[in-house]
Amino acid sequence: MQNKVFSVLNYIGHKSKIIEQINSHLPTTLNGTFWDMFSGSGVVGLSVDFNNVEFVDNNSHLQHFMQNLSDPTFISITETMLSNYGFTNSSKKPRSEYLKDPNIGTCTWHGKTVSNMHLDSLNKSPYNQLISDYNANKFSGLAKACAYYILTIYGRNSNVSVNKKNNLAGGVGPLDFGPRAKSKVKRYQEIIRTKNVQFSQGDYFNFKPLKDDFVYMDPPYLASSFTYGGWTEDDERRLLNWIDDLPCAWALSNTFTSGTKSNIILQEWAKTKNVVFIQKKYRKWASKGKATAAKKVKKNKEVLILP
Ligand SMILES: C[S@@+](CC[C@H](N)C(=O)[O-])C[C@H]1O[C@@H](n2cnc3c(N)ncnc32)[C@H](O)[C@@H]1O
């Protein structure tokens with residue numbers, strides 16, 4: 001795998017940490033198209049060594065962003081927007097300088113009142129203004145894509161939600177456009193420009209892969225507390241039936257269990273398939289804070305299911 005990418009959006013549920021494990025179960029050659037269904041931030045389709053990749057996601061804001069990300073002026077338009085709205089931009093000025101700002105406020109850390117360690121208090125008002133302008137349709141084209149990018153990476157948990165009216169909703173978080181975020185954008189741009197990619201918006205159900213294609217799927221998980229706007233047992237059954245009718249090879253990422261939640265529908269269906277259990281390490285923050293944080297293996301049963 002030559003093109004491994006780390007999610008440009010820190011997208012919830014992105015597959016950067018397990019991409020090697022997924023890739024080891026994908027075909028080595030392909031005559032047709034590689035479909036990244038439920039593509040989110042596109043980590044899988046951009047990382048694999050296939051040239052023709054179709055990315056499908058039903059989030060119209062996200063797909064508009066992905067379609068515009070490789071524009072050569074994406075970074076400069078983003079930085080101009082950051083400056084016009086008064087956001088911090090630690091790719092231009094060190095974070096430590098921003099943290100000296102008297103408006104940064106205080107927080108409690110290990111029982112003591114100390115200066116806030118995050119940039120959220122400085123970015124809150126620009127964030128609220130930008131989300132309000134976005135929902136008032138003040139942007140189109142590339143500017144709209146840049147605004148979505150900012151609202152995601154500056155958002156709480158690196159996320160901005162889509163509500164029932166298809167507007168964006170959410171609050172500010174602690175991160176900003178730092179050097180790492182900028183280099184992730186550049187990496188995505190390089191890879192998108194070298195591949196033959198298509199970013200389509202819509203329900204996976206309406207797409208028709210052909211017999212020489214390969215379909216990788218990473219849907220919302222029924223056994224999860226985060227469902228990207230909603231995923232029900234009916235949605236799960238509809239997907240599993242659709243997979244059974246596919247004319248080509250495929251792979252499905254999912255979880256059998258997560259915490260106390262268990263996906264029985266999937267477990268039953270998978271009895272006639274090949275199931276690979278994925279090992280995932282994650283950082284578990286201990287209640288006393290960073291000093292005692294340790295990497296542990298999560299108890300989730302995360303799987304990759306193959307025909
Ligand atoms: C687990 S995330 C995918 C993460 C992605 N693999 C990555 O690495 O960033 C699931 C995605 O499914 C999308 N989605 C939900 N329902 C969908 C549907 N019916 N058709 C297509 N995409 C859908 C969501 O918008 C979300 O981006």
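Two notes on reading it come first. Residues are numbered from 1 along each chain as its sequence is written. Because the model is predicted, local features need pLDDT of at least 70 and side-chain atom pairs count only at pLDDT 80 or more, while totals for chains, interfaces and linings use all residues.

## The chain as a whole

The chain's secondary structure comes to ten helices and 14 strands; helices (H or I, at least four residues) and strands (E, at least two) are DSSP runs, numbered from the N terminus. The radius of gyration is 20 Å, close to the 19 Å that the globule rule gives for 307 residues, so the chain is as compact as a globular protein of that length. Here the radius is taken over C-alpha atoms, and the rule is 2.2 Å times the number of residues to the power 0.38. The C-alpha trace spans about 60 × 45 × 40 Å along its principal axes.

Of the 307 residues, 34% count as buried. A residue is buried if 20 or more other C-beta atoms lie within 10 Å of its own, exposed if 12 or fewer, and partly exposed in between, with C-beta atoms placed from the backbone. Among contacts between residues at least 6 apart in sequence, 68% join residues at least 24 apart; two residues are in contact if their C-beta atoms, placed from the backbone, lie within 7 Å.

Let us start with strand 8 (residues 214–217). Phe-214 and Tyr-216 point one way from this strand, Val-215 and Met-217 point the other way, and all are buried. Strand 8 runs parallel to strand 1 (residues 34–37), and Asp-36 stands opposite Tyr-216. Strand 8 also runs parallel to strand 9 (residues 249–258), where Phe-214 has Ala-249 as its bridge partner and Met-217 has Leu-252. Together with helix 9 (residues 233–244), strands 8 and 9 make a right-handed β-α-β unit. Right-handed means that, with the strands pointing away from the viewer, the path from the first strand over the helix to the second runs clockwise.

Seven of its ten residues are buried, so strand 9 is largely enclosed by the rest of the structure. It is antiparallel both to strand 14 (residues 301–306) and to strand 10 (residues 261–262). Thr-257 takes part in both pairings: its bridge partner in strand 14 is Lys-301, and it stands opposite Ser-262 in strand 10. Strands 9 and 10 form a hairpin with two residues between them, and Gly-259 in the turn has a positive phi of about 55°.

The table gathers these pairings; two strands pair if DSSP finds at least two bridges between them.

| Strands | Sense | Bridges |
|---|---|---|
| Strand 1 and strand 8 | parallel | four bridges |
| Strand 8 and strand 9 | parallel | four bridges |
| Strand 9 and strand 14 | antiparallel | five bridges |
| Strand 9 and strand 10 | antiparallel | two bridges |

## Around the ligand

Which residues come nearest to the ligand? Of the 21 residues around it, they are Gly-13, Phe-38, Gly-40, Ser-41 and Val-43. A residue is near a molecule if its C-beta atom, placed from the backbone, lies within 6 Å of it. Helix 2 (43–47) and strand 2 (52–57) are the elements that give two or more residues to this shell. By class, the shell has nine nonpolar, eight polar and four charged residues. Ala, Val, Leu, Ile, Met, Phe, Trp, Tyr, Cys and Pro count as nonpolar, Asp, Glu, Lys and Arg as charged, and the others, Gly among them, as polar.

Helix 2 also holds Gly-45, which is buried, with 26 other C-beta atoms within 10 Å. Leaving aside residues up to four places away in sequence, Gly-45 touches Phe-34, Asp-36, Ser-39, Val-53 and Phe-55. Gly-45 and Trp-35 are ten residues apart in sequence and 7.3 Å apart in space, C-alpha to C-alpha.

In helix 3 (residues 60–68), the buried residues include His-61, Leu-62, Phe-65 and Met-66. The buried residues of this helix pack against strand 2, helix 4, helix 7, strand 5, strand 6 and strand 7.

Most residues other than glycine have a negative phi. Asn-166, in the loop between strand 5 and strand 6, has a positive phi of about 65°, and counts as exposed with 11 C-beta neighbours inside 10 Å. Tyr-228, in the loop between strand 8 and helix 9, has a positive phi near 50°, and counts as buried with 21 such neighbours.
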